[in-house]
Amino acid sequence: IISKLFTGGLRVLRGHFPGLRIAFACRQEYADLVRPLPWIDRVFQIPTDWQRTGLMTRLRRWRMRNAITGRSYNTVIHAGYTTDPVGHELCRDVKAGHKYWYAVPNSPDAGFYDNLVSVDAAAHELDKYRALVGAVCGETVPGRESMYPDLCLDKTERGKAVATAGEARRWKQGALLLALCAGARFRRKDWSGEHFVELLRRLASDRPLCALLVGGLEDRNKHA
């Protein structure tokens, strides 16, 4: 399973298949984020530092990849609606009884998936997940809310989040509270800072607005 937003889908799969072990594969920088989730038995890291060419780096990437492809699985699910070559190469090379992905028009080399799930390309990502999980479970999964991402935050973490949001609201009474992340790893997902600024200006034109900028360290310059 390759998508860090698929945590709600994991919860549904664990409820439907309580006796099976679930392994989750994600990019190495997200591994610590999903590792504590109770629905996951093991986390595999997908290397992302392909631009580095040193011997030890190549050896580490080989070990990480072999940890995934060197095992056999009952079912492999590729949850991302993209033609990301790394994810598809992994799904192609692993041994599995069934492999699930989406029926993506004009997708190259998807013949190794024996179950292609038809979804609307313009559908919400959570609705795509719901269709994919329903195909794996063999039944309809009710409601988009069943796919909501879930990081199992404890009471302290939830309290901090609520306090931060509450403090922002008090700063502007009655304001629309908006969480905004302007960062993007891939160029095709990058919406320029000028567009975000224009969006905020339009939203603030007829109501008070309080925007919380969220993201990683790499997003600081863009948020500034």
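**Figure 1. The protein chain holds eight helices and seven strands.** This is a predicted model, and the C-alpha atoms of the protein chain fill a box of roughly 55 × 45 × 40 Å when the box is taken along the principal axes. Of the 224 residues in the protein chain, 33% count as buried. Among the contacts with a separation of 6 or more, 48% are made by residues 24 or more positions apart.

**Figure 2. Helix α3 runs through residues 55-69.** With its 15 residues, α3 reaches 21 Å from the first C-alpha to the last, which is close to the 21 Å expected at 1.5 Å a residue.

**Figure 3. The buried residues of α3 are Thr-57, Arg-61, Met-64, Ile-68 and Thr-69.** These residues lie on the same side of α3, because they cover an arc of only 130 degrees around the axis. The elements that the buried residues of α3 pack against are the strands β1 (23-27), β2 (42-46) and β3 (72-77), together with the helix α4 (85-93).

**Figure 4. One face of α3 is turned away from its buried side.**

**Figure 5. The surface and the charged side chains of the protein chain are considered here.**

Conventions. Residues are numbered from 1 along each chain as its sequence is written. This is a predicted model: local features need pLDDT of at least 70, side-chain atom pairs count only at pLDDT 80 or more; totals for chains, interfaces and linings use all residues. Side-chain values use heavy atoms; hydrogens and water are left out. Helices (H or I, at least four residues) and strands (E, at least two) are DSSP runs, numbered from the N terminus. The expected span of a helix is 1.5 Å times one less than its number of residues. Buried means under 20% relative accessible area, exposed over 50%, partly exposed in between (1.4 Å probe, protein chains only). The arc is that of the directions from the helix axis to the C-beta atoms. Contact means heavy atoms within 4.5 Å. Accessible areas come from the Shrake-Rupley method with a 1.4 Å probe; for residues, only the protein chains shown count as cover. Lys and Arg count as positive and Asp and Glu as negative; His and the chain ends are not counted. The place of a charge is taken as NZ of Lys, CZ of Arg, CG of Asp or CD of Glu.
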